[in-house]
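Good morning, and thank you for coming.

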Amino acid sequence: MNSTTLAGLCGAALVGLGLFGFVTHPNLLRKILAFNLMGSGVFLLFGVVARRGAAAGIGADPVPQALIITGIVVAFSATALAVALLQRLFKETGQATLRSAPKGSSVDGADV
Amino acid sequence: MTPSAALSQMTTTAYGFLLPLAIVLPVAGVLFALLLGGRGAERFALAVMPAGLILSAAIAVGVWRANGVLVYLIGAWPPPLGIALRADGFSAAMLVTTALIISGAGCFAFLGNYRTPDGATEARAPLAFWTLLLSLWTALNCVFLSDDLFNLYVALELLTFAAVPLVCLDGRAPTLLAAMRYLLFALLGSALYLLGATLIYGAYGELDITLLSQKVRPEPAVWVATGLMTAGLLAKTALFPLHLWLPPAHAGAPAPASAMLSALVVKASFFLVVRLWLNLIPWPMSAAPTQILAALGAAAILFGSVLALRQERLKLLIAYSTVAQIGYLFLMLPLASGAHSWAVAAWTGGVLQAVSHAFAKAAMFLAAGLVAETIGHDRISGLHGIGRLLPMTVFAFGLGGLSLMGLPPSGGFAAKWLLLSAAVESGQWQWAAVMLMGGLLAGGYVFRVLAPALAAPNEPVPQRQRVAPGREILVLVLALCAMLIGFAPPELLDLLQIGRPVSTMAVLQ
């Protein structure tokens, strides 16, 4: 097993771990962290794809690297938005999970 | 598509210069609105709307005049290294719909709560609303014009970042919770989508959909990649069983935001599902997976409609009806693929369903907003006699309902009739049966609202506040648009056929 395959397997493992954490953890901050773990796995896989292009004799493929940088910026913005939303949610309700609000108050018709 | 036709899509065409403008205009609007702030942002956003309308109409005319796909190569770099923007008939229809509905919702908001009168203190909520509205427009145009899998990922994320804050604009705990749930579904969806795009790039070294459609072969990498991408997109489109986030988010948002979210935002990820299964994956390969997607769509129609029948609040009823109507869109996939004789009708029907549902649903959400403003709540049990207070609004709601049911002469009728005839002609009776059932159920939930609304009230209806007549007229205009689509001349429907994928795999035949 060469280092490229190893990196690829690590990426796949990160995606798997992230997905598991995202689905099973009720705590929202943990969900956000799990999403970031999953994103890191995807970016690592993208890097492996670039490396494989190099192995095929094209030289290091620069396109995936440009895509990874863009992807990191997007994931960063997503995390910032999610954390801001979580902070506000915690301030309003004191909860950091997706437990439903008391029944009947979910959609107040008076708001327009 | 023949190789020579694919090659002709690798250069910038006449009218191609319009495509980047459609993205640049709303982006410039966002930046200027933030700079101007307050009242300036509101007026600037209103000024962008007619310009955006003209631009999207010009693109539609360009597709029509060129009688082919419009292409613009960014920086004159051809794919696979560069990024191409492409507009076909479907893109043009969605661009015009987007411009009309965003303008309608924008004017509705300006005449309502999101206008800062002269002399009043400027607040944060209107500024957030107007910048998010323009960001939403940017992201939608970007999705409808992109043809590059990674570019589409960025566009989808932009759309999420604009749509999620719109849900919790009032900052109350239940809407914050709904926005958080929406964001988590959307983030998981985009991570899965990006993973799929990575695998596609790993297998073929390209991300351009038109180029990829020449190369894809039925192999494990493609199945895993398209499976992941589709799962991600379904979470964003809220197709059954991934619809859980939609009703609280769409019902909790302010009325103009609900209208845009339900009419347009869910269509963007559906648009990508169409690109994936009809443009990227050639016909015999897509046969079995599209049957699965259509089965999920059928389940969404039945499940969403039954749940809509059981809701106690008007906005939740309309939101569950969106879950059901999304199902119809997915019935298009197995019918419109390949070079069959019925594919033409199914493609037109699917596009018409997307467009007519957009107008009908926007009108219905705005109508529900006016009802809630007038009587102070939106409980269906308390709607008695509302037809006396808001005759135009209730009429518009009814017209939107006709389109959802698929009764003539509405746009929904034309869409569902075309899909129905394609299902019958191709021998896929099961989808025809589901469509008829869905129409009956839609009749049920629309009747549940209209029957009390039009009944004579026993006692005078308590009125909390009056609404501006201009807003009632706007709602009626949107509902009439949904009707007018039913009268679309055949020439207009031919426009939708431009760029319809008819590629079949040579190797498998």
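Helices and strands in this talk are DSSP runs numbered from the N terminus, a helix being H or I over at least four residues and a strand being E over at least two. The model is a predicted one, in which local features need pLDDT of at least 70 and side-chain atom pairs count only at pLDDT 80 or more, while totals for chains, interfaces and linings use all residues. Residues are numbered from 1 along each chain as its sequence is written, and chains are lettered from A and ligands numbered from 1 in the order in which they are written.

A word on confidence: pLDDT is the predictor's confidence in each residue, from 0 to 100. Chain A has an average pLDDT of 82, and 81% of its residues score at least 70. In residues 102-112 of chain A the pLDDT is below 50, and this stretch has 27 contacts in the model beyond near neighbours in sequence. By contact I mean two residues whose C-beta atoms, placed from the backbone, lie within 7 Å.

I turn to chain B as a whole. Chain B contains 20 helices and two strands. Its radius of gyration, taken over C-alpha atoms, is 22 Å, close to the 23 Å that the globule rule (2.2 Å times the number of residues to the power 0.38) gives for 509 residues, so chain B is as compact as a globular protein of that length. The C-alpha trace of chain B spans about 70 × 55 × 40 Å along its principal axes. Of the contacts in chain B between residues at least 6 apart in sequence, 81% join residues at least 24 apart.

How much of chain B is buried? Buried residues account for 63% of the 509 residues. The criterion counts other C-beta atoms, placed from the backbone, within 10 Å of a residue's own: 20 or more is buried, 12 or fewer is exposed, and in between is partly exposed.

Next, the interior. A nonpolar core here is a set of buried Ala, Val, Leu, Ile, Met, Phe, Trp, Tyr and Cys residues joined through C-beta atoms within 7 Å. The largest such core has 238 residues, of which Val143(B), Leu159(B), Ala363(B) and Leu419(B) touch the most other members. The largest share of this core, 22 residues, is supplied by α14(B). Leaving aside neighbours within four places in sequence, Val143(B) is in contact with residues including Leu159(B), Ala268(B) and Phe271(B).

From first C-alpha to last, α14(B) reaches 47 Å, close to the 48 Å expected at 1.5 Å a residue, where the expected span is 1.5 Å times one less than the number of residues. After α14(B) comes Gly376(B), with a positive phi near 85°.

Helix α2 of chain B (residues 18-36) should span 27 Å, and its end C-alpha atoms are 26 Å apart, which agrees. The buried residues of α2(B), among them Leu18(B), Ile23(B) and Val30(B), pack against α3, β1, β2, α4 and α5 of chain B. Following α2(B) is Gly37(B), whose phi is positive, near 70°.

Now the interface. The contact draws 40 residues from chain B and 37 residues from chain A. On the side of chain B that touches chain A, α6, α7, α10, α13 and α14 each give two or more residues. The largest share of that side, 17 residues, comes from α7(B).

I close with local backbone geometry. Most residues other than glycine have a negative phi, and most peptide bonds are trans. Tyr15(B), however, has a positive phi of about 65°; it lies in the loop between α1 and α2 of chain B and is partly exposed. Ala238(B) also has a positive phi of about 65°, in the loop between α9 and α10 of chain B, and counts as buried, with 29 C-beta neighbours inside 10 Å. Pro241(B) is placed in the loop between α9 and α10 of chain B, and the peptide bond from Phe240(B) to Pro241(B) is cis, with omega near 0°. Another cis peptide bond joins Pro408(B) and Pro409(B), with omega about 5°.
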